[in-house]
Amino acid sequence: MSNQPLPGQELLDGVNGQELFSVNMGLTYRDFLVLPGFIDFNPSDVELETKLSKNISLKRPLMSSPMDTVTESEMAIAQALMGGIGIIHYNNSIDEQVDLVRKVKRYENGFIKDPILLSPEHTLADLDAVKEKYGFSGIPITEDGTANTKLVGIVTNRDVDFERDRDIKLGKVMTTELITANVGISLREANDILRTSKKGKLPIVDKQGKLVALICRSDLKKNKEFPQSSKDNQKRLRVGAALSTLPESRERMAALAGVGVDAIIIDSAQGNSSYQMEMIQWIKSNFPNIDVIGGNVVTKAQAANLIAAGADGLRIGMGPGSICITQDTMAVGRAQATAVFKTAEYAQAHGVPVIADGGISNIGDIANALAIGASMCMMGSMFAGTKEAPGEYFYENGIRLKKYRGMASLEAMSKGGDKRYFSESQKIKVAQGVSGYVVDKGSVLNLIPYLVQGLRQSFQDMGFRNIPDLHKALREGKLRFERRTESAQAQGSVHGLYSYTKPSMRAE
């Protein structure tokens with residue numbers, strides 16, 4: 001927070017958060033502005049570290065939504081590399097969701113404790129299958145393909161790139177002259193061996209020559225390229241997964257815990273239910289080391305119930321998403337800015353972070369959500385259409401597009417999205433979302449740095465160096481706001497031009 005002395009009460013323009021949201025009407029992010037503060041630092045001095053949940057901190061307040069056109073393993077990997085987190089959707093089988101989480105957890109590691117193993121009797125076709133499923137092909141070879149027997153070799157791309165016969169056994173092509181390290185070596189020492197040996201992988205073996213871990217050279221490069229990445233205590237990328245409140249979710253939960261999922265989001269459109277409270281209590285009782293984020297909620301009373309049930313975080317929003325029609329269809333919900341402020345005010349007093357979910361279309365919306373109490377911003381449309389989002393690109397009228405659909409659209413519900421609406425047994429489906437198309441935005445690996453830089457500049461304008469200081473000023477009434485009329489909103493955007501080129505967020 002700035003060291004500039006605060007002015008006396010007579011010089012404080014605007015209103016505090018309590019006064020802003022005391023009006024008897026719902027406000028969106030566009031209905032108000034944060035008044036500028038004092039600048040005595042550069043945007044590069046702004047730190048955006050924040051809390052996802054009670055026990056998980058991240059370097060960036062950004063996360064991708066558990067939607068089947070937004071977050072699978074490729075998106076979750078990119079989000080974690082950039083300091084945020086992705087939440088894997090559940091419009092799939094248990095095995096499919098578990099496999100997506102496993103891909104993220106295996107992507108980057110320190111010591112890989114459970115590497116994929118093959119035997120000399122396996123073929124190149126088996127190696128191809130591993131590469132297709134997990135995305136890598138440098139495989140240790142043990143006598144019988146398990147960790148119970150001695151390490152005898154390793155097969156990498158350079159061993160098999162020019163082999164046409166995929167029925168050749170790995171024993172004929174594997175490298176047998178290995179550089180290994182003994183169990184007990186530190187990660188730093190192991191990395192030094194990789195650097196000096198110029199090998200791609202370093203097997204860690206015990207006294208009997210059995211493989212106990214593996215270190216990859218590619219991970220050293222990733223660590224250098226992505227220093228802010230979100231990792232667990234085993235140096236694996238962090239990833240979350242969504243669950244419903246249906247009975248099958250208990251089996252799904254156990255399977256996800258088995259592959260190291262970091263956080264669970266209970267994905268319900270209206271989270272204030274006995275079903276969700278029971279699910280939170282069951283997860284916290286059986287998997288106490290995994291943080292559970294409840295939701296969606298928009299009122300203090302809803303938040304209180306889920307916090308009392310044991311939620312480690314809350315997801316806020318009912319109807320503000322660009323593909324969501326809940327408020328129109330059901331006449332239930334709340335304007336997003338009001339929902340975030342009211343729930344965050346209550347949750348903060350109980351040490352529970354809140355996630356602003358929906359209604360975010362630009363950097364200013366993210367900044368406003370953080371300013372009124374959110375610790376994280378969950379986005380669907382922002383990340384839909386990127387290279388890492390599921391689905392194929394297609395062209396319409398010369399524009400490159402990708403599909404984006406709400407999980408309450410009829411199309412998504414037919415695949416399982418209705419699990420979040422307590423309507424799975426009903427023959428008549430009432431859609432609360434739509435399907436549509438979004439323009440290609442390039443790679444998330446380029447888009448997120450653009451968002452982060454914009455956030456830093458916004459924080460500089462507000463006069464705060466980090467999110468905790470911003471929230472402290474909000475609680476103390478020192479962060480000042482001002483409502484703005486429709487004409488003020490129009491004046492604050494582009495106006496008075498015959499034509500103009502809109503700035504693009506497409507990540508080149």
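How many residues does helix α10 have, and how far does α10 reach from its first C-alpha to its last? In this predicted model, local features require pLDDT of at least 70 and side-chain atom pairs pLDDT 80 or more, whereas totals for chains, interfaces and linings use all residues. Residues are numbered from 1 along each chain as its sequence is written, and side-chain values use heavy atoms, without hydrogens and water.

Helix α10 (residues 274–286) has 13 residues and reaches 18 Å, close to the 18 Å expected at 1.5 Å a residue; the expected span is 1.5 Å times one less than the number of residues. Helices are DSSP runs of H or I with at least four residues, and strands are runs of E with at least two, numbered from the N terminus. Q276, M279, I280 and I283 of α10 are buried (under 20% relative accessible area, 1.4 Å probe, protein chains only). Viewed down the axis of α10, the buried residues fall within an arc of 100° and therefore line one face of the helix, the arc being that of the directions from the axis to the C-beta atoms.

Four aromatic pairs are found in the whole structure; rings of Phe, Tyr and Trp (its six-membered ring) pair if their centres lie within 6.5 Å, with planes under 30 degrees apart counted as stacked, over 60 as edge-to-face and the rest as tilted. F32 and F481 form an edge-to-face pair, at 5.8 Å centre to centre and 75° between the planes. Because F32 lies in strand β1 (residues 32–34) and F481 in strand β20 (residues 481–483), this pair ties together parts 449 residues apart in sequence. F21, F32, F341 and F481 form one aromatic cluster.

Terms used:
Buried means under 20% relative accessible area, exposed over 50%, partly exposed in between (1.4 Å probe, protein chains only).
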